[in-house]
Amino acid sequence: MQGLRTGLPHARSRLLFGALQGWRRADLGGDMAAGLTLAAIAIPEQMATARLGEFSPEIGFFAFIAGAVAFAAFGASRYLSAGADSTITPIFAGGLALVATSGSPQYAELAAMLALMVGVIVIAGGLLRLGWIADLLSVPVTAGFLAGISIHIIISQLPELLGLPSGSGDVFHRLAAIYADLAQVNLISLVLGVGVFLIVFVGERISPRIPGALIALALAMLAVTLFDLQQHGVAVLGAPPEALPKFAMPTVALEDMRTLVPMALLISLVIMVQTAATTRSFAGKSGTGVDVNRDFVGVGAGSLVSGLFGAFPVNSSPPRTAIVAETGGRSQLAGLFAATIVLLLLQFGTRLLANVPQAALAGILMFIALRILRWPTFVATFREAPMEFALIVVTAVAIVALPIEIGVATGIGLSLLHGLWGMTQAQAIEFERVPGTSIWWPPADGAEGERIEHVVVVAFQAPLSFVNAERFKRGVEALVAARAGSLQHVVLEANNVTDIDYTAAGALSEVIAFCHDAGLTFSIARLESVRAQTALARFGITVALGPDRIFRSVDNAIAALNVETPVKGSD
């Protein structure tokens, strides 16, 4: 009974605040320092991101607090920071603008409901252990996706930076409006925005620990106050709303909820991809294992809480996570400390933000937009894989030219098609034995291999599935036909066949029947995948082939055939 009592708290601790396990009092100093730095970075960033989505800055604070507290309670990573994020904000802001007027009460209700839906989907992804979904987007497509988002951010913030009226509509309408209003550019706003951008840029270059955005924002506010820049046409945030959101379920019509479903699925996928990448990138620093699925639950819970407080979906942030890891953070206590600072600002200091110039927030977002561009990936892909570089360009263009949610779906579709295309290019090839060894290898230029008389050893270098089943069948039959006359035995070297689906099982059965009809034996060697072995049994191939025709190695198969007569391979 005593053991049960002592075990219960431990079990509960794994369910809640698992990222704080192993925390020691000696870690307090590092967590407090990291939390202070994180708050200094997050305050201007969350304000800017909220403005990017057409929300008041205070809503961004709510999103950050919700993300930090919920992730600390339910997540696993010691460093990951969740909150408002510039990657997903343009996606849902563009989608919501098609349903409701930006900044209206309906717009806010839809955003909150979207946060709840995204939270449920991402939590379900974690509970169902769908961490593998994060691998569906290839690196080039992800780079193109971020490039398109970056362009959206830059174009949406150009009016604020130039002191022009805020635009609306798609990218092309916004550019047309900017061009039409160029004569009205406010040079003071432009100087403020560019100055903020430069301060943040230089601070980041010197050290990521420097809160360049907070310093720049404070200087911009001081300039507005000292020189009364509002009288010179500089737009500021103004007084905060009298009533802040309360903890409540958003009120949304059922038809509008149906409209939100595709957007919620897209945003959830983006969140899972970014969360998995962030978790894996910083796992080594903590010395703990990676639990992507648990982190999905933490980030999803952040969106749920954010939605209940009238905010919008939250996401993991690689830059903020890096700040925690690089400034001495030891646990999620750093995020909780930062959330406490933001909460105090929300309660007692929002009026201080009334003089924040909108151009300053635009400058911060311009920096964020350029930071998310993956320049090394662009250069390396262009040099080493021109066709995949085309994926970057096409994905970016789709996200810019099409409605943003359709552009994101296009990028995801391209990534999946690219992966499937690679599988369709797999070929059946004849293996040769490396002389003096038991290694069977594809023919190589300048390397002489051995064949076994009356035997062809065939390999297919991909999982067998519906996308390549016909190619497999034609390839094996062509290799058998090429050796017609002297051939007696066919051995399939199946080391790379990790799975077999229904269509592929049919093709394999047809190949076996083709060989038997030609008077040839058919054997399978090195089928190491348990899934593929199970598939052979499930589809009845093991019985049709006979258990004495499945071998652990090619040499075992050849020894059983009793045909060991090596001959020189083809040049």
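Leaving aside its neighbours within four places in sequence, which residues is Glu493 in contact with? The model is predicted, and in it Glu493 is in contact with Phe431, Val457, Val458, Ala459, Phe460, Ala525, Arg526 and Val554, with neighbours within four places in sequence left aside.

**Glu493**

- Glu493 is found in strand 8, which covers residues 489-493.
- The relative accessible area of Glu493 is 3%, so this residue is buried, the cut-off being under 20%.
- The side chain of Glu493 forms a polar contact of 3.0 Å with the side chain of Arg526, and Arg526 is also among the contact residues listed above.
- The Glu493 side chain also reaches the backbone nitrogen of Asn495, at 3.3 Å.

**Helix 5 and helix 11**

- Helix 5 (residues 105-127) packs with helix 11 (residues 292-308) at an angle of about 160 degrees, and their axes are 7 Å apart.
- Helix 5 is therefore roughly antiparallel to helix 11, since angles over 145 degrees count as such.
- The crossing of helix 5 and helix 11 is left-handed.
- On the helix 5 side, the contact is made by Ala112, Ala115, Leu116, Val118, Gly119, Val120, Val122, Ile123, Gly125, Gly126 and Leu127.
- On the helix 11 side, the contact is made by Asn293, Phe296, Val297, Gly300, Ala301, Ser303, Leu304, Gly307 and Leu308.

Key:
Residues numbered from 1 in each chain as written. Predicted model: local features only at pLDDT ≥ 70, side-chain atom pairs only at ≥ 80, totals over all residues. Heavy atoms only, no water. Axes fitted to C-alpha atoms, helices over the stretch in contact; angles between N-to-C directions. Helix = DSSP H or I, 4+ residues; strand = E, 2+ residues; numbered from the N terminus. Parallel < 35°, antiparallel > 145°, perpendicular 65-115°, else oblique. Left-handed = near helix turned anticlockwise from the far one by under 90°. Contact = heavy atoms within 4.5 Å. Buried < 20%, exposed > 50% of the residue type's maximum accessible area, 1.4 Å probe, protein only. Polar contact = N/O pair within 3.5 Å; in protein donor to acceptor, adjacent residues only side chain to side chain.
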